[in-house]
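Open the model in a viewer and keep the selection panel at hand.

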Amino acid sequence: MTTNPGPEFFNAQDKYQAAKTPEEKLRWLEEMYKNAPKHKASEKLVAEITYKISKLKQEVEKQKEQAKKKGGGYSLNVKKDGDGQIAIIGMPNSGKSLLLKTITGVEVEVAPYPFTTTKPEVGMMDYKGAKVQLVEVPALIGGSSQGKANGTQLLSLCRNADALILLHRTGEEKQAIIKELSNVGIIVERKKPRIFVQDTEFNGITIGGKQFLQMPEKELAEILKQMHIFKASVLLEEPTTREKLLEAMDKTLDYKNCLFLSTFGWKNDEGLAKSIFSLLEKIIVYTKKPGNEPDYSDPLVLAKGATISDVAQFVHKDIAQNLKYARVWGSAKFPGQRVSKDHMLQDGDIIEISA
Ligand SMILES: Nc1nc2c(ncn2[C@@H]2O[C@H](COP(=O)(O)OP(=O)(O)OP(=O)(O)O)[C@@H](O)[C@H]2O)c(=O)[nH]1
Ligand SMILES: [Mg+2]
């Protein structure tokens, strides 16, 4: 019996052999893996590819780590302020300064020539009383991830931010920036895979959510073994191919929410402010004292999933300890319902704490 790979396989193999960087090699090896025949006679071929992939992954990760360390020389990072920091990024002349100026009112230079902005510019956006710090990152270019035009420091600003706004004049510009980000392990166009691998004390690998597994169990165990993981509990919450599993286990990746705006395609309105604020995955809630109106001027900005206990902590530690109950308008079943400490809040809720 022969292994009989198809033309896609050989095409990928040619590209692999011609590839110059470890990233490119990895990409084509993964392509070869996808197109390799999966039967008894080709086991050896597949095992070889798997081995090469795991070696290359290690090499790529090591490079990324070193790139991160190199960036430690000096830093442009902006101290965080407000309820979250969002970096505005894009190629030269993509309209970053105009966006920053329009939304926050900060005086920055907007000009038709490239590289007008040479250092991070900062402004504060108000959204329903929440404060969002916006930082214009000087222009990124093709090659930023290799350190071109201060790229290492600029991408470190991106890594440091809680979320990103990417301005682009064309689809190509957008893709080019996404590539620079992903070269340094910042992923914006997809979410972190919902695949969780946890060490356990028990021998062997247990798998929850097996219906999502898109490879033989033996292969999953084999991949973990190659990473020196022999005891683990694996939980799958989405279709899990080999590529997804490797991605989920890649600790060097940094997933960020990103709003993509076309240079001429945005309008300064409530919708834009809302889209920007929602990048932070936070909620805005208001507190009130018994018998008083809610204080709309001083909202609390909390992480999504926050509970009454979190609000009490914010108000006062002692109150948190002695908290008996709270009343909630909004997410409660009826206005002013009494709820317990672990009641989960929703955006816009009004909370009355009684100690
Ligand atoms: N008409 C129009 N012009 C825009 C828009 N956005 C940017 N521009 C123009 O494009 C040029 C560059 O805008 P900037 O905001 O300075 O761009 P930038 O991305 O900050 O540029 P650098 O700091 O040099 O990287 C300016 O001449 C702007 O007036 C827009 O939405 N509409
Ligand atoms: Mg600018």
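Select the buried residues of H4: Lys96, Ser97, Leu99, Leu100 and Ile103. Buried means that 20 or more other C-beta atoms, placed from the backbone, lie within 10 Å of the residue's own; helices (H or I, at least four residues) and strands (E, at least two) are DSSP runs numbered from the N terminus. Look down the axis of H4: its buried residues fall within an arc of 160°, so they line one face of the helix. The arc is taken over directions from the helix axis to the C-beta atoms.

This is a predicted model, in which local features need pLDDT of at least 70 and side-chain atom pairs 80 or more, while totals for chains, interfaces and linings use all residues. Residues are numbered from 1 along each chain as written, with chains lettered from A and ligands numbered from 1 in written order.

Next, show strands E1 (85-90), E2 (121-127), E3 (130-136) and E4 (163-168), against which the buried residues of H4 pack (contact: C-beta atoms within 7 Å). Then pick Ile88: its contacts include Lys96, Leu99 and Leu100, as well as Leu134 and Ile165.

Ile88 is also among the residues with the most contacts inside the largest nonpolar core, which has 35 residues. Such a core is a set of buried Ala, Val, Leu, Ile, Met, Phe, Trp, Tyr and Cys residues joined through C-beta atoms within 7 Å. E4 gives the largest share, five residues.

Finally, select Gly105, which follows H4 and has a positive phi, near 80°.

Key
Buried ≥ 20, exposed ≤ 12 C-beta atoms within 10 Å, placed from the backbone. Contact = placed C-beta atoms within 7 Å. Lists of a residue's contacts leave out its neighbours within four places in sequence.
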